Amino acid sequence: LCEMASTLTLCANPALDITVLVGSILAPGQVHRAKRKLITCGGKANNVALAIHKCLHRTVTASGVVGGAAGSKVVELLEKDGVTCSFSEVSTETRSTYVLVSDKDGQTVINENGPEVTAAEASTFYSDFVRLCPSHAAVVIAGSMAPGLPPDFFARIVDHVLRSDGSSICR
C-alpha cells in the first residue's frame, strides 16, 4: 500500500456477520444451543477498512450502501472501531451472514443476497462516491455488488477513479 493521507473503501454489499459457536455436531432437524454469539460488520471492503485503520493506523472512510437495522448496526460497528462512515441509504435491509461454528464440524456459512438497490438509489450511491473521491489518496473496491446495482457499476467507478486528477488513486 502506498503512502497515503487517507483511504476510501467501497463496499457495495456490506453485511452484518452473525457467528454462533455450537458445541456439538450440527444435526439437521435438531435443536442446538449456542455457546457464544459474535456480531461484527462484514463485507470485503469493510474488512479492508478495518485492517488499514487498525494495523496501519491510517485514516479510512468506508462507503457503500446500507439499509434498515442491520445497515445501522454495520455503521455503528465500523464507527466504534474508528472508521469514518459515509454510506448511502437504501430502502431495503442490509444482508446478514450467518456462520455456524461447531467444535467438531468446522463452520457452515449462510450468506443472504443483499438489499435490492433501486436505479435511483444506485445513482445516488454513485454520486455520493464520486463526491468523496477527491479528498482521499487511495480507493479500495472489494467484494460483491448488491442486487439491483447495474452490472457495469464497478467499471464506472474504476473509470471515474482512473480519469480523476490523480488525487483518488494510489500510484
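Predicted model: local features only at pLDDT ≥ 70, side-chain atom pairs only at ≥ 80, totals over all residues.
Colleague: In what order do the elements of the chain run from the N terminus on?
Modeller: The chain has 4 helices and 8 strands. From the N terminus on, the order is β-β-β-α-β-α-β-β-β-α-β-α.

Colleague: What are the spans of the C-alpha trace along its principal axes?
Modeller: The chain has 171 residues. Along the principal axes, the C-alpha trace spans about 60 × 35 × 25 Å.

Colleague: What share of the accessible surface of the chain belongs to carbon and sulfur atoms?
Modeller: Of the residues, 42% count as buried. The accessible surface comes to about 8,900 Å². The share of carbon and sulfur atoms is 54%.

Colleague: Among contacts with a separation of 6 or more, what percentage comes from residues 24 or more positions apart?
Modeller: Contact means heavy atoms within 4.5 Å. Residues 24 or more positions apart account for 68% of the contacts with a separation of 6 or more.

Colleague: How far apart are the mean positions of the positive and negative charges?
Modeller: The chain carries 15 positive and 16 negative charges. Their mean positions are apart by 7 Å.

Colleague: Is T7 buried or exposed?
Modeller: T7 lies in strand β1, residues 6-11. Its relative accessibility is 0%. Buried means under 20%, so T7 counts as buried.

Colleague: Which residues does T7 contact, leaving aside neighbours within four places in sequence?
Modeller: T7 belongs to strand β1. With those neighbours left aside, the contacts of T7 are I52, T59, V60, T61, H136, A138 and V140.

Colleague: Where is G43, and is it buried or exposed?
Modeller: G43 sits in the loop between β3 (34-42) and α1 (44-56). Its relative accessible area is 11%. The cut-off for buried is under 20%, so G43 is buried.

Colleague: What separates the C-alpha atoms of G43 and N13?
Modeller: Not counting residues up to four places away in sequence, G43 touches C11, N13, P14, A15 and R95. G43 and N13 are 30 residues apart along the chain. Their C-alpha atoms are separated by 6.4 Å.

Colleague: How many salt bridges does the structure hold?
Modeller: Side chains of opposite charge can pair when their charged atoms come close. In this structure, the number of salt bridges is 5.

Colleague: How many residues apart in sequence are the parts that D103 and K35 tie together?
Modeller: The side chains of D103 and K35 meet in a salt bridge, 3.0 Å from N to O. D103 lies in the loop between β6 (95-102) and β7 (106-111), and K35 in strand β3, so the pair ties together parts whose separation in sequence is 68 residues.

Colleague: How far apart are the closest N and O atoms of K54 and D81?
Modeller: K54 is partly exposed at 46% relative accessible area. D81 is partly exposed as well, at 32%. The two form a salt bridge, with the closest N and O atoms apart by 3.6 Å.

Colleague: Which parts does the K54 and D81 salt bridge tie together?
Modeller: K54 and D81 form a salt bridge. K54 lies in one part and D81 in another, 27 residues apart in sequence, so the pair ties together helix α1 and the loop between α2 (68-80) and β5 (84-89).

Colleague: In which helix do D159 and R163 lie?
Modeller: Their side chains meet in a salt bridge, 2.7 Å from N to O. D159 is partly exposed at 36% relative accessibility, and R163 is exposed at 66%. They are 4 residues apart, about one turn of the helix, and both lie in α4.

Colleague: What kind of pair do the rings of Y126 and F153 form?
Modeller: The structure has 3 aromatic pairs. The ring centres of Y126 and F153 are 6.4 Å apart and the planes stand at 80°, so the pair is edge-to-face.

Colleague: Which residues do ring pairs link into a cluster?
Modeller: Y126 and F153 are both buried. F153 and F154 form a tilted pair, 6.5 Å centre to centre and 55° between the planes. The cluster linked by ring pairs is F125, Y126, F153 and F154.

Note on methods. Residues numbered from 1 in each chain as written. Heavy atoms only, no water. Helix = DSSP H or I, 4+ residues; strand = E, 2+ residues; numbered from the N terminus. Buried < 20%, exposed > 50% of the residue type's maximum accessible area, 1.4 Å probe, protein only. Areas by Shrake-Rupley, 256 points an atom, 1.4 Å probe, with all protein chains shown as cover. Lys, Arg positive; Asp, Glu negative; His and termini not counted. Charge placed at Lys NZ, Arg CZ, Asp CG, Glu CD. Salt bridge = Lys/Arg side-chain N within 4 Å of Asp/Glu carboxyl O. Phe/Tyr/Trp six-rings, centres within 6.5 Å; stacked < 30°, edge-to-face > 60°.
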